[in-house]
Amino acid sequence: MSSALQGKVALVTGASSGIGEATARMLAAEGAAVAIAARRVGRLHALRDELAAAGAEVHVLDLDVTDEQAVHAAVAATVGTFGGLDILVNNAGVMLLGPVEGADTSDWTRMIDTNVLGLMYLTHAALPHLLRSRGTVVQISSVAGRVAMRGAAAYNAGKFAVNAFSEALRQEVTERGVRVVVIEPGTVGTELREHITHAPSKAAIEERVAKIRQLQSTDIAEAVRYAVTAPPHVTVGEILIRPTDQA
Ligand SMILES: NC(=O)c1ccc[n+]([C@@H]2O[C@H](COP(=O)([O-])OP(=O)(O)OC[C@H]3O[C@@H](n4cnc5c(N)ncnc54)[C@H](OP(=O)(O)O)[C@@H]3O)[C@@H](O)[C@H]2O)c1
């Protein structure tokens, strides 16, 4: 275990799989006390037991980020358990691809509620604590927050919204010592695609990714590590990470 984040407290949403799980592991390995949040609490308990056995302090939060009251309770529980909050990683998300024409708009609602409003609720609830600690917010956005593509309009809309919200937030809080970091991965090998409900879109993306070396969740956790362990006067504002094989 390293000690770059010894004495720091982190909260990671969507820590039950993929990028969130890898980020929670990285933060714990750097010495942070970590609150891990998601809906599949069985997975969180297994992760907590594993990290605790290696000496980390981990607290499990049963959280649906679309529930604003539950978000406030989760932030309060983190601060109550560990005494403060230094790093918020807004990672929970879904990617329900499909064309606009004929879309199941319940996919749009779920995506915007989770990827945009959930992230905004967490940021809002955590901000007083981050201002106190002069902490860091890490938003897991996407290349899809920088470049729109047909078949991804609603996902693009959500991730563009994350980038816009984060830049405005940065301007509001940076002079008070709070760092806002936006991470924009390309394709990462996780469970994300499994939830796509539009069968042709799911088949098309599976076919595309089968031909490339995807990023791994640990590649993204490394980017988070770089940003959160930078000296306090350095804000790593944005990191865009693409698989080399993906044009
Ligand atoms: N994989 C990629 O190619 C890629 C590329 C760019 C950006 N991203 C972004 O990276 C983030 C993480 O995705 P991933 O690739 O690691 O996928 P993943 O393995 O499917 O992880 C998504 C996480 O979000 C959580 N989640 C979903 N809805 C939630 C809700 N309503 N409340 C609380 N937690 C919720 C899931 O936990 P529960 O189901 O247990 O609640 C899970 O832990 C997302 O924001 C995604 O947009 C991914």
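A residue counts as buried if 20 or more other C-beta atoms lie within 10 Å of its own, and as partly exposed if the count falls between that and the exposed limit of 12 or fewer. The model described here is predicted.

**Ligand shell**
- The ligand is surrounded by 29 residues.
- Gly-14, Gly-18, Arg-39, Arg-40 and Gly-93 are the closest of them.
- Two elements, helix H1 (18–29) and helix H4 (105–133), each give two or more residues to this shell.
- H1 contributes the most, with three residues.
- By class, the shell holds 14 polar, 11 nonpolar and four charged residues.

**Helix H5**
- H5 covers residues 153–173, which is 21 residues.
- At 1.5 Å a residue, H5 should span 30 Å.
- Buried positions in H5 are Ala-154, Tyr-155, Asn-156, Gly-158, Lys-159, Val-162 and Ser-166.
- These buried residues pack against H4, S5 and strand S6 (179–185).
- In an α-helix, residues three or four places apart point the same way, because there are 3.6 residues a turn.

**Arg-134**
- Arg-134 sits in the loop between H4 and strand S5 (136–140).
- Its phi is positive, about 50°, although Arg-134 is not a glycine.
- Arg-134 has 13 other C-beta atoms within 10 Å, so it is partly exposed.

Technical notes:
Residues numbered from 1 in each chain as written. Predicted model: local features only at pLDDT ≥ 70, side-chain atom pairs only at ≥ 80, totals over all residues. Near = placed C-beta within 6 Å. Helix = DSSP H or I, 4+ residues; strand = E, 2+ residues; numbered from the N terminus. Nonpolar A, V, L, I, M, F, W, Y, C, P; charged D, E, K, R; others polar. Expected span 1.5 Å × (residues − 1). Contact = placed C-beta atoms within 7 Å.
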